[in-house]
Amino acid sequence: MQGFLDIFDIYLLEAVVNGILLGGVLALLALGLNLIFGVIDVTWICYAELVMIGMYGMYYLVQVFHFPYWAAAPLTIMLVAALGAALHYIVIAPLLTAPPINQLLATGGVLFILQSFATVAFGIDFRNLGIRLPVLAFGEMHFSYARLLSFGAALVGMIAVYLFMKRTFTGTAIRAVAQDRQIMALMGVDTKRIYLITSAIGGGLAGLASCLLVLQYDVHPFVGLSFGPITFLICVLGGLGNFFGGFIAAFVFAEIISLGGLFSDLEWGYVLAFAFFIVMMFIRPAGLFARRS
Amino acid sequence: MTLRNAAWALGLAALIALPLVHRDPYHLHILVLILIWSFAYTSWSVMGRFGLVSLGHGGFMGVGAYVTALLWNHLGVTPWIGIPVGMAAAGVLALIVAYPCFRFRITGHYFVLVTLALSGIVLQVITATRDYTGGSLGLTPNRTRGSQLLALQFDDKITWYFIALLVWVVGLLIWRWIDRSMSRYAMEAISEDEDAAAAAGVNVTAEKLKITLISALMTALAGALYCQYQMFITPDTVSGISVSLQMVFAVIVGGLYVSLGPTIGAVITIMLAEILRIGFGTKAVGWDNLVYGVLLVVFIIFLPKGILGSVLDRWKTQPEKPKV
């Protein structure tokens, strides 16, 4: 019995740590989505599909064009950032004055476009980078190096965005626009430019996430569906546009998925997370850290 | 008005008479698909037209289809009982998710994202319970020998055509019934301003729940019918985000605020998919969705009322000829 408990504890601890590592990447995704919602007041339903395109970008750069990983990553980030800016310029900008639901559904159309574009252009085969990173043994626990790297890089990415928002003039302007869209235009801020920059940053964060996810998962046209819904749940639970709430909620969800997956299949971890989400909606409907009005 | 009723009666009579004249199985197959999906799209538009944009309908459809098929395959329960059970299950699911949303005023983006997650989760559950549902490989209801009323399995397309036609007409009648009920005014007030509607004596939560429940029940029925007709379902064809988005797309293209809008949407989407399939064969995999996506974006930007909606609008607002 004692022996059983020892093993159980180690698995539990391993699952907890893996949950934290998963939370890093989820937090990165949530940050991108929250940034765009907070500033432009638009939800990109197709956010996870941008990540999918980025993962294909990584695959082609590394496997087909034989770029080293460290050189392919910045290129991919730039590619997805450009894609984010293009998405804003082509789809969102003409709809800025339309009802919010229309903007959201238009990005749903982009989801269709990206998914089927990937199906047509890349086929439905599962592909991976073919990079096998070692597994780190820590006592009796095993952590994949890829996850540690992802967690670290996600943290660095988030800190970089934080510093950009706090320390630079453009970042300050972005935060100001998030607070009041109408007034900042009167104050001489070019909101169109700010929107475009924000979209590019949001895309860039998706690009960074895709560089990290491609280390752990195979890429196929529908890979976005496996982490898209959970990202939306995180953002709603944290409060849309609330950076800090999204950050915490990402780790809460990652732990639920990781621990749920320990006891049963990974899919049930997702189901558990959704059940938790429904319960939380009863308790804190406007997000974890909403101020009660 | 009588002209309009006459047009409806004539159209319906033509649709009833059609299989007696034209029996090409392929054309009938396409028509049955169009009618079943029209019904599904109509059920989405029942709540969608009031600004309750749900991306969870893929989930309701999946529940309806899978509950019916699983009861038949594993417990031998006839679809005549299985379909109501599936509809009830979808209704309960809708209430569980919708009640907190409406009670706590979760609207707009939040509501869309919550329902989006719902359809994603239903897909995950179906995939996770692969021991029973067959997972992503799909599920085939056990065949009976020949047509059997009890098993709701018919070999000939004409029977299915009439079933689908009946259900489609019922769907339109429900749409019309809501269109003419007090609920419509209540829901329109709610979609304009919830607080003002509440102050005017509208029970906001109850009205929204009612509409959502009707919509979810209808969608589940559509899913079950689709399953019985096609005799093969996979999680991706009856549930998940892409099915939900497909509903939204068809309704928006056809026209959200007119009763035949979803039907026009179904005609356009299914014909488009078939034409691409015939024209390009297996090379067309993915192309139909690519075209859908582009059309959805273009429609939302340039023609948010949809094809039928815009045509009717132009027809109605045609300036009367100045009297000389």
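Trainee: What distance does helix H4 (residues 100–122) of chain A reach from its first C-alpha to its last?

Mentor: In this predicted model, a helix is a DSSP run of H or I of at least four residues, numbered from the N terminus. H4(A) has 23 residues, and its expected span is 1.5 Å times one less than its number of residues. The expected value is 33 Å, and the helix comes close to it, reaching 33 Å.

Trainee: Which pLDDT do local features need in this model?

Mentor: Residues are numbered from 1 along each chain as its sequence is written, while chains are lettered from A and ligands numbered from 1 in the order in which they are written. Totals for chains, interfaces and linings use all residues, side-chain atom pairs count only at pLDDT 80 or more, and local features need pLDDT of at least 70.

Trainee: How many residues of H4(A) are buried, and which residue follows the helix?

Mentor: A residue is buried if 20 or more other C-beta atoms, placed from the backbone, lie within 10 Å of its own, exposed if 12 or fewer, and partly exposed in between. By that criterion H4(A) is mostly covered, with 17 of its 23 residues buried. After the helix, with a positive phi near 80 degrees, comes Gly123(A).

Trainee: Is Asp41(A), with its phi near 65 degrees, buried or partly exposed?

Mentor: Asp41(A) has a positive phi without being a glycine, and it lies in the loop between H1 and helix H2 (47–64) of chain A. Because 17 C-beta neighbours lie inside 10 Å, Asp41(A) counts as partly exposed.

Trainee: Which helix gives the most to the side of chain B that touches chain A?

Mentor: Two residues are in contact if their C-beta atoms, placed from the backbone, lie within 7 Å, and 38 residues of chain B are in contact with 38 of chain A. Helices H4 (79–103), H5 (108–128), H12 (241–254) and H14 (287–302) of chain B each supply at least two residues of that side. With 14 residues, the greatest contributor is H5(B).
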